[in-house]
Amino acid sequence: MSGLPVVGQKLDLKQYFAGVKPDLLDVEERIKRQAREFDPAILGYIEYALESKGKRIRPALVLLMARATGGIDTTPRAGHANLAVIVEMIHLATLVHDDIMDGATKRRGQPTAVAKWGAELSVLLGDCLFAHALKLCTHFEEVEINRAIADASREVCSGEILQTQRRFDLKLTIPEYLKIISMKTGALFRVSTELSAFINMEKGITEEQRQAARVYGDCLGLAYQIYDDCLDIAGTENSIGKTTGTDLEKGKLTLPLLHVLQQDLGAEKDAIAAMILHGNESDRQKLLQVVLERGGLKYSVRKIQTYLEEAVRALDLLPPGEFREALQGIPSALISHVGNLAK
């Protein structure tokens, strides 16, 4: 990708998770234990999917928001730890399915499930993870929690369908793209933070504060997905731990490219359309240069920063303290990191 800005360092959020590290370790063990609930004949597949080397951002958000809104509910199978396990299992299920659709061979530096076992088995593996996460929801007595998690799961899948439906669609608008990523990524971020605060409403958290937690998760999720889309253009496989360049190849029109398509392209319009619809690898490299020259990355970075600033403002309604500061630190770190893309 000659001439493109390349992000060579991974985004490291561990320092912001330090205050809930013991809680995260507990969640990690709980996630691994879920494999025992499956038939021994498929144990190896489930363990491979669950033993991810991911950032565990969603579980960390559950725990940080819990600490920021009154403390972690330790109810054995219906507290914050269980919520963290549920959202991460749903997330892992979506990754298995994403990799099938994208034909991705690497995820976090390891072979994907589809690369190891093929699409047929991997589809069923993702389904197993989804179903088990929803089973865990039944331990919560509050119907509102079960409904919110089911709604979020439906939104994630619906967003993926919409994205797949609109591949190679040159008429896709930026508002439509934002709706899709709000569903496929934002849904799990906002359910993580909102439900974490909801569990603590008996400790004095207000409805206004619960909604603030929701806004924080939603805006952070939107920003994170746009950032991830930018990395597909400006990242490296080593730095982000998964196959890069798949969005253009698979016809996913993300924000940097959509910003270009909404411009007055004049004589370039037909050539750009041809590169998107029928281009080879060489054409895609040219298209990435066009995205850079016409400000697609810079525009996307500004959009990311806008969402992150809104996320930080939402936290003003929460009680002050170290855990609110940690939640504020996550978008601040991301703002600093994405600045490299715009240079």
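Modeller: Let's go through the cavities, then a pocket. Keep in mind that this is a predicted model.

Biologist: Cavities, then. How many of 30 Å³ or more does the structure hold?
Modeller: There are 3 of them. The largest cavity has about 80 Å³ of space.

Biologist: Which residues line the largest cavity?
Modeller: Its lining includes Q163, R166, R167, L172, Y177 and I180. G251, K252, L253 and T254 are also part of that lining. By type, the lining splits into 4 nonpolar, 3 polar and 3 charged residues.

Biologist: And the second largest cavity, how much space lies in that?
Modeller: About 50 Å³. Among the residues lining the second largest cavity are D232, I233, D247, L248, L288 and V291.

Biologist: Which elements give two or more residues to that lining?
Modeller: Those are α10 (207-234), α12 (246-249) and α15 (281-293). In the second largest cavity, 6 lining residues are nonpolar, 1 is polar and 3 are charged.

Biologist: New topic: pockets. What is the volume of the second largest pocket?
Modeller: The second largest pocket has about 320 Å³. Its lining has 18 residues. Y48, A49, S52, R107 and P111 lie nearest the centre.

Biologist: Which element gives the largest share of that lining?
Modeller: α5 does, with 4 residues.

Terms used
Residues are numbered from 1 along each chain as its sequence is written. This is a predicted model: local features need pLDDT of at least 70, side-chain atom pairs count only at pLDDT 80 or more; totals for chains, interfaces and linings use all residues. Side-chain values use heavy atoms; hydrogens and water are left out. On a 1 Å grid over the protein atoms alone, a cavity is a set of points where a 1.4 Å probe fits but cannot get out, and a pocket is an open set with protein on both sides within 12 Å along at least five of seven lines; lining residues have an atom within 4 Å of a point. Grid points are joined across faces, edges and corners, and a volume is the space filled by probe spheres set on the points. Ala, Val, Leu, Ile, Met, Phe, Trp, Tyr, Cys and Pro count as nonpolar, Asp, Glu, Lys and Arg as charged, and the others, Gly among them, as polar.
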